[in-house]
Every structure is written in C-alpha cells, then in structure tokens.
There are 2 protein chains.
Amino acid sequence: MSKSPTSKSPVLEFWHEFASTYSYPAAMRVERAARARGVRIAWRPFLLGPIFKAQGFSSSPFVVNETKGANMWRDVARICARDGLRFVRPAVFPQNTLLAARVELCLPQDQRGAFARAVYALEYGDGADISGREAIAALLSRHGKDADALLAQAESAETKAALRAAGEDAAARGIFGSPSFVTADGELFWGNDRLEHALDWACGDRWGLEA
Amino acid sequence: MSKSPTSKSPVLEFWHEFASTYSYPAAMRVERAARARGVRIAWRPFLLGPIFKAQGFSSSPFVVNETKGANMWRDVARICARDGLRFVRPAVFPQNTLLAARVELCLPQDQRGAFARAVYALEYGDGADISGREAIAALLSRHGKDADALLAQAESAETKAALRAAGEDAAARGIFGSPSFVTADGELFWGNDRLEHALDWACGDRWGLEA
C-alpha cells in the first residue's frame, strides 16, 4: 500500500558516502521504498574517511581486508544483477568523493536524490571516475544545472564548513559505515540490507523490542 | 511453495562459528528457509579465530572496531525481535567455541541442525556460557545423547584433526566471516542477510549475471 509522504510523514535520514559500493543499490531504491511506506527521506551526504581515521583505520575495511574486499565486489555485482542495476567496477577504489559530496550539500533536499543517483550510476553503473571537476560539471550540465555556479558554491568556505559539520553529525549519531539510516528518535541502521528494518522503525514498528 | 528436499536436491553449505552473533538467527531459520526452496543444508561448523589470525587480525571486527561492535549488539537484538527469537547478550564475547564445534563434527548431518540450534539458543537466547564441558554435556543429556561418549569422541585426535581440516576447507572457499553459505559450484555468500540470495543461486537463479 503506497502512501505519498507529506510534511507530517516520518523522516528517515539516508547517510551516504559516494565512495561506498553498497550505497549505490541503496541510493537507487531508497526513495521508492520509503514512498511505499509513507516515509520521507532526508539525503545526508558525508565523508567516511575522517570517521575511519578517527577510529584508527587507514581505509575502508574492504581495502584493509583483501579477502573480504574480493567477496564484496562479487556480492555487489550479484546485488546489482538481482536489482536490475548495471554494474561496472571502477578502476580506482575508493574514489575521492569530496566534490560530489559538497555539490550535493548545495542542493535543496528535493533535488539531492536525483543528483546522488546520477553520481552513483556514473561511478558504479558505468565504472567511471567521479572524482574530478570535469566529470561532475558534465553531469550537472546534463541535468540542466548551472554547473559553474554550483561548483563555485560547492568550493566556497561555507560549503566546506557544512560538509565538515555533516561529518561531525554523522560521528555523533554513531555512524561508522555507509549507507546508514537514522530515524527521528536516533535509531541507527547500517547497510543497504537494513533499509526495510529502518523503514519499519520509522513507521513505529519496534517488533516488540523493549527500549 | 514447499518442496521437501531429496537426495537429488541442491546442497547449500552452511558454515557457522558458534561465537558469531549473526549466526544465531541464521541457524534458527536456515533449514526452514532451505526446505521451502527444496534445498538441502550441509552443516559445516568451523572456527573463525585461525582465519582472522591468518588475515592479520587479532579478533572479531566487532571487537577491533568498538563503534561497529556497539551497533552490532543493537542490530542483533532488533533482528531477533523481528524474527521472534529470544536474545540475551552473554557476559563474554567472543566465547571459546572449540568444544561445541568439535561435538557438532562428531554428529551425522541429520543431527547437526538440532545440536547447533540448541547451542546458539543457549548462548544468545539465554545469554549463557557455552565454552565449558559441563554446559555442553548438560545440553547433550537434555537432548537424549550419551554425553560422555560424545565428549570423548569430540576430544579425540581424529576429531581435532577434522576440525583443523574444516578450517582449511573454509579458508580455501574464501570464507572470512560467519555465517557463510557456499553453493555446489563454489559461490560464496556472507551473512545472515544473504541466505535468500544463496538459496536463489543454489536453485540455479543467477539473476542474469554473467559468470
């Protein structure tokens, strides 16, 4: 049963790092799945690098643990096939996602989903490099945006500070990976495979779990 | 549609370490879910410790990364609530599971599921210590087994060698965590949340993925 979200609908924060592989299938389905439950998605871009470093890790667990990393690539390929998504492994992993995250922060909430999906589709659907100014500018132009103006805003001191603040928000919520879902009452769910659990919780279903 | 598995049914290996939290809800549902798809489960107990050590890690990722570990306990509590399973966090994590794994290896396949479910229910349903000889002996006696004979067999040189060989089998399959599912053609799926994917694959559904 589909109930279109309204301003009174529960809100679920969708925290996503553009370098994260599992965030690609999550980004492609999160808004559709939320709409079906009458939940609004708040798109929250952030960087995982500073969080990994603060926890004493030099990189993604998929880089630190090669065996786990090898299985991750196969698993993401399977998940994309299952979800009907194209998947091409990019030459570089993880990519530098600083600019993409800053640009998303400059967009209003109702334009963030389309931008994020376009970035993930380019990165993991086409296997392209999304780290450079040219790639992001071309993507914005294809979507009818004023790329020069948006990139200038993305590189302003205000946006840089806003992205650092988002990272502090993420850490304060206990976030340690991407994608993560956080409900209005602060419940944290990690991983593409927890979206349905997070939507249950956002809708008030605690499955009888005591607080 | 339920199709009872026969000797000609596809087989899915269920690799499980008794210390693993997510292996508890997996063990409680794996046989029911497999039966509904006409798949037979091969119960494969193993130890993760030697695999972590060979990969250069001192312990479980949930111990190494405290933030991730804290969320794991909450997540497992939620999953158990969602699945209708009791859950009590044991005082010690991870527990020493050497004896439990050796005992399961001594049982024929058609008795392993009941034993494994009883161990997991004691450990994570009751929050009990399952590392000691007394706990395992009492559990075996409650299930009508000759505990003394089984424990003697579990502690024989033959069983010790068989468990070491199982660990080598696990490593050869690329296993790096528990639970893991491996199909007859060697496809490896990691995690309770991948059981449905593994059953699809075991039944021949590759979702259009090229080999």
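**Note on the predicted two-chain model**

1. Helix α10 (residues 195–202) of chain A lies across β1, β3 and β4 of chain A and runs at about 5 degrees to β3(A). Contact here requires C-beta atoms, placed from the backbone, within 7 Å; helices (H or I, at least four residues) and strands (E, at least two) are DSSP runs numbered from the N terminus. Axes are lines fitted to C-alpha atoms, for helices over the stretch in contact, and angles run from 0 to 180 degrees between N-to-C directions.

2. This is a predicted model, in which local features need pLDDT of at least 70 and side-chain atom pairs count only at pLDDT 80 or more, while totals for chains, interfaces and linings use all residues. Residues are numbered from 1 along each chain as its sequence is written, and chains are lettered from A and ligands numbered from 1 in the order in which they are written.

3. The sheet of chain A is open, with 4 strands in the order β2-β1-β3-β4 and mixed pairing; two strands pair if DSSP finds at least two bridges between them. Because β2 (40–45) and β4 of chain A stand at the edges with a single partner strand each, one side of each has no neighbour in the sheet. From one strand to the next the twist averages 25 degrees. Within the sheet, β1 (residues 11–16) and β3 (residues 180–183) of chain A run antiparallel and are joined by 4 bridges, with A:Leu12 opposite A:Thr183.

4. Helix α6(A) lies across β1 and β2 of chain A, at about 65 degrees to β2(A). The axes of α6 (residues 109–125) and α1 (residues 23–36) of chain A come within 9 Å and cross at roughly 145 degrees. Among the residues making this contact are A:Tyr24 and A:Met28 of α1(A) and A:Ala116 and A:Tyr120 of α6(A).

5. In chain B, β1 (residues 11–16) and β3(B) pair in the antiparallel sense over 4 bridges, and B:Thr183 is the bridge partner of B:Leu12. Strand β3(B) also pairs antiparallel with β4 (residues 188–190) of chain B over 3 bridges, where B:Val182 stands opposite B:Leu188. In the hairpin of β3(B) and β4(B), with 4 residues between the strands, B:Gly186 takes a positive phi near 85 degrees.

6. The contact between the chains takes 19 residues from chain A and 19 residues from chain B. On the side of chain A that touches chain B, the largest share, 8 residues, comes from α4(A).

How values were computed. Two residues are in contact if their C-beta atoms, placed from the backbone, lie within 7 Å.
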